[in-house]
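Trainee: I would like to learn how to read a model feature by feature. Please show it, then take me through it.

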Amino acid sequence: MSRQLLAMKHFLLVSLVWGAGLVGCQVPVLVANPFEGKVEIFEWGLFQVVGPVEVESDAEKVAGEVNIIDDVRLVRRTTSVSMQMGTTFGIRYRLVPNDGKDYEIGVRIVFPDGGLTNPETGKLQLSSFSSFVLNTEDADFDVYTFDHAWEMRPGEWTFQLLVDGRVAAAKTFVVR
């Protein structure tokens, strides 16, 4: 599975000085700016990875790992995806209007009915979720790469972008 950013790398850690027995604890805190604009998906389809791919362990993901990718290049705009090893598909998006502020964004990939099951671990996952901070001056992307044969599930794969816990934009791909 491919993901260009690790969610925790974008969290801000703060030390709480008092309250609720958490004195001195480090906890993740997300940027609190309420976003009043919209999320725009401006590219979607098949992508090519640009630059190196770093693989990191991630117990939350069904594959047990995540690919860290610096950038992607759109190869073809489509919502139809072939089940072929190495195929990378997804979305590129931005927040509008550009006010120069940071906002919390969630990205959920909803897998086809029945989800994905890793045959090595038996782990089943119906969707994948990451949360991070995005500045309105930046565009970002989220892609999925078929790295394992068991990931190539036919059906609808939906990329959802969430703001304040609600789906602000989505794009569905049909994998055949």
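Mentor: Start with accessibility. Buried means under 20% relative accessible area, exposed means over 50%, and partly exposed lies in between (1.4 Å probe, protein chains only). Gly 114 is exposed, with a relative accessible area of 52%. This is a predicted model: local features need pLDDT of at least 70, side-chain atom pairs count only at pLDDT 80 or more, and totals for chains, interfaces and linings use all residues. Residues are numbered from 1 along each chain as its sequence is written, and side-chain values use heavy atoms, with hydrogens and water left out.

Trainee: Where does Gly 114 lie?

Mentor: Elements come from DSSP runs: helices (H or I) need at least four residues, strands (E) at least two, and numbering starts at the N terminus. Gly 114 lies in the loop between strand E7 (102–110) and strand E8 (116–117).

Trainee: Which residues does Gly 114 touch?

Mentor: A contact means heavy atoms within 4.5 Å. Leaving aside residues up to four places away in sequence, Gly 114 touches Leu 124, Leu 126 and Arg 153. Take Leu 126: it is 12 residues from Gly 114 in sequence, and the C-alpha to C-alpha distance is 6.7 Å.

Trainee: Now charges. How many salt bridges does a search of the whole structure find?

Mentor: A salt bridge is a side-chain nitrogen of Lys or Arg within 4 Å of a carboxyl oxygen of Asp or Glu. The search finds three. In one of them, Glu 40 meets Arg 94 at 2.6 Å, N to O. Glu 40 lies in strand E3 (residues 38–57) and Arg 94 in strand E6 (residues 88–96), so this pair ties together parts 54 residues apart in sequence. Glu 40 is partly exposed at 25% relative accessibility. Arg 94 is also partly exposed, at 30%.

Trainee: What does Arg 92 form with Glu 43?

Mentor: A salt bridge, with the closest N and O atoms 2.9 Å apart. Arg 92 is in strand E6 and Glu 43 in strand E3, so read it as a link between distant parts of the chain, 49 residues apart. Arg 92 counts as buried, at 13% relative accessibility.

Trainee: Which side chain meets Arg 92 at 3.5 Å, N to O?

Mentor: Asp 71, again in a salt bridge. Asp 71 lies in strand E4 (residues 65–76) and Arg 92 in strand E6, so the pair ties together parts 21 residues apart in sequence. Asp 71 is partly exposed, at 32%. Shared partners join Glu 43, Asp 71 and Arg 92 into one network.

Trainee: How do I read strand pairing?

Mentor: Count bridges: two strands pair if DSSP finds at least two between them. E6 and E11 pair in the antiparallel sense over seven bridges. Phe 89 stands opposite Tyr 144 in E11. Strand E11 (residues 139–145) is mostly covered, with six of its seven residues buried.

Trainee: And what is the strand order in the open sheet of five strands?

Mentor: The order is E5-E13-E12-E7-E10, with mixed pairing. Strand E5 (80–81) and strand E10 (127–135) stand at the edges with a single partner strand each, so one side of each has no neighbour in the sheet. E5 runs parallel to strand E13 (residues 166–175), joined by two bridges. Val 81 has Val 175 in E13 as its bridge partner.
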